[in-house]
Amino acid sequence: MSTKRIIIDTDPGVDDALTFLLALASPEIQLEALTTVQGNVSVEKATRNALSVLKLAGAGHIPVAQGCSHPLIKEPHKSGEAVHGSSGIGRSNLASPKSAPMNLHAIDYLIERVLAERGELSIFPIGPLTNIALAIRKEPRFAKAVKELVIMGGAIRSGGNVTPLAEFNIHEDPHAAHVVFNSGIPITLIPLDVTYKCLLTAEDVERLNRIDSPIARFVRDATADYMAFYKQYEGFDGCALHDPLTLAAILAPELLTLEEQHVDVDISGGVSTGKTYADFMKVTKKPANMKVALDVKGREFVELFIERMERLCAGVK
Amino acid sequence: MNPKHIILDTDPGIDDSLAMLLALASPEVQLVGISTVHGNVSGEQVTKNALAILELAGASHIPVYKGCDVPLVKEPLISPETHGNTGLGYAQLPEPTAQPQAGHGSDYLIEQIMSRPGEITLVAIGPLTNLALAYRKEPRIAQNVKEVFIMGGAIQHPGNTTALAEFNTYVDPHAAHIVFHSGMPILLTPLDVTYSCIFTPDDLKRLQRIDSPITKYIADSTRFYMEFHDEYQSIAGCVINDPMTLALTFMPEICDYQTLVVDVDISTGVGLGNTFADFYNYEKKPANMQVAMSVRPRLFMELFLERMEKLAHSLS
C-alpha cells in the first residue's frame, strides 16, 4: 500500500491536535510537516501547541514551520479561546516544547517543498487559509504543483458557527479563501454540513481512557472544556471532529458523499461576509472548482477515529 | 549631506521610468535597488523594462528583483492603452542584457528593511501587492522602514480608472488596505496633486535641445502618453505622477500636506478602490498618513527638467 504524504496547515486548536494524532496513528499517511497559522489562537501559541503535541506522540522529528500572524485583510477575531481554552488545547497542560520551529516562514516552506516534489504532496489546511493564499500569490507555479488541498472550512447548507451564515476558518480570512478557491488547485472541502455529524462523546473518551496512556489522557483533558462549550452554546453532548474528518478523504473516502460544485465565498463586507456558497442550480455557469462533502456516515468515522487512537495509545501504528 | 537610501517598488510604466531616471539623476538620493510589481503591464514586462531603463541610464549595477505577478485578491488588470503594449510607449529600448536577481521582490524589501532598521526609504509607485505581502510575512518591517512614499489614490480628485478610484489603488485595493492599516510612516501622493503637474510639449522641446539617448527615450515614451492624455482626458501634455512622488523624498516643499485618516474601499461595490479621508475625523481614529493635498507645479517641473538635462548631458 502506498502511503499518502501530507502537510497539515493548522492553528491548534483542540480538533487540530486530534488531527495530528489521527495522522500519526494511520499507516496510510505519512505526515511530512506542520505549518502554523493564526486562527483558533495566535500563531505563536499555534506553533508551540504543534510542537508539544508532536512531542507527546513521539513525533518530535516532524518539522514545524511558523506562518502568518494575521489574516490577509480582516482584523483577527477575539473569541477562539472561549472554544479552545486560553492555551488553545483545553485543559491539557503539555510540557513546553524543547524543540523549535524551522527558521523558515511557512509560506516559503510550502513553496519549497511543493516545487521540489511537484504533484506529490497533499496539503490539509484546517485553519484560516492565509498561508496557502500567500504561497499561491508569491509563487505563481505553486498552484499547479500542489497535488490537492483537503480543506476544513465553510458551511454550504448548514448554518454558520461564527455568524448565522459563516464558518470560523473561512470567516476568519475570507479573502484568503477566495484566492484559494479560485486558484485552480484540486480541492476537497469538508464543511460544517458533515463535521457536525461526527460527534465524539464523553463515553468515547472514557472508552479510550481504559488504556493507560498519556495520549488518552491528553484527549480527555483537551476535549473536556470543548465538550462543555458545545453543551452550553450548541446544546448537544460531545464535540465535533471538524478537522480530523479531513483525513477521511484518505482513510475512508467511502464514508463521504462528495459533489462537484462551484463554490465561492462572499468578500463583500456585508452580512454574509465569509459565507461559502455552492452554485447548485448552475446559475453562474462556472465550472466546478472543488468536490464538497455534503453527507457523511458520521458514527462510522468516529468509530474509526477511536480505533486509531486506541492503537496509537497502545503504542502501535 | 548623506543621500537617502531608496528602494523603488515599481511597475514601469512610462512615468515609473521617469521616476527611475529622476532618482539616478539626483544626488540627494541613492537608489539601492528596485522591486517590480504587475500593474501598468505584466510582471514579466515591467521587470524587463526596469532592467532596460537602468541600462539606458548606465546604471545596470543596480539590482532588480521581480515581485508579484497578480493582485492579492482581485482579478488582474493592466493598462496598455495608457502605457502602450510594452509599457514604455513608442520607445524601443534594446533587450536588457542583465537578468533580475534571484529572490522575490517582497523578500528583497524584507531583507533590506530588516537589515538596516530606520534607514530605508521605500518609494512605492505601483500597486502595493509586494509591500502588503512583505508586511503580512514580516510585520516588523512597519517599525523598521524609515518612511514609505506612495503614489496612489484620489482623495478629493476624481478617479482615473473608475469614476472614484485611482489606478494603483484600484488594481490592488486589498493590498492598499493592508498597507494603510499597517502603521508604517506613509506619505501619500494622490491624483489631487499629480494632476496639476503636466509635462507639456514645450517641456519636451526644451529637453530635446540636447541630443542624447535619454532625451530620445523621454520623447518616444511620452509621445504615446501625451496621445493618451489628449484622447481620454483632453490634457495637452501628460501627467507624470511617479517622478513627483520621488521628488518629494528630497524636496518636500513642492507640496503642502495634511495629516489624515485615509482608508480604501474594498467592499466590491461601485466605490471599490476609492481612497477616502475622514477630514472631520468622525470615526476618531488616529491619522495614518501625511497626504500631499496642494502643489507648486512649476517647482517640481523645473526640478525634473533640470535633472533630466543634467542626466542627458552626462550620457550624450
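Start with the space in the largest pocket, about 430 Å³. To find its centre, select Arg137(A), Asn182(A), Val73(B), Lys74(B) and Glu75(B), the closest of the 18 lining residues. A pocket here is an open set of points on a 1 Å grid over the protein atoms alone, where a 1.4 Å probe fits, with protein on both sides within 12 Å along at least five of seven lines; lining residues have an atom within 4 Å of a point. The volume is the space filled by probe spheres set on the points, which are joined across faces, edges and corners.

A word on what you're looking at: this is a predicted model, where local features need pLDDT of at least 70 and side-chain atom pairs count only at pLDDT 80 or more, while totals for chains, interfaces and linings use all residues. Residues are numbered from 1 along each chain as its sequence is written, chains are lettered from A and ligands numbered from 1 in the order written, and side-chain values use heavy atoms, without hydrogens and water.

Next, colour α5 (130–138) and α8 (174–181) of chain A: each gives at least two residues to the lining of the largest pocket. Helices (H or I, at least four residues) and strands (E, at least two) are DSSP runs, numbered from the N terminus.

Now hop to the second largest pocket, with a volume of about 370 Å³.

Last stop: the open sheet in chain A. Follow its eight strands in the order β3-β2-β1-β4-β5-β6-β12-β9, with mixed pairing. Two strands pair if DSSP finds at least two bridges between them. At the edges sit β3 (64–66) and β9 (256–261), each pairing on one side only. Zoom in on β5 (residues 148–152) and β6 (residues 187–190) of chain A, a parallel pair with four bridges. There, Met152(A) stands opposite Ile190(A).
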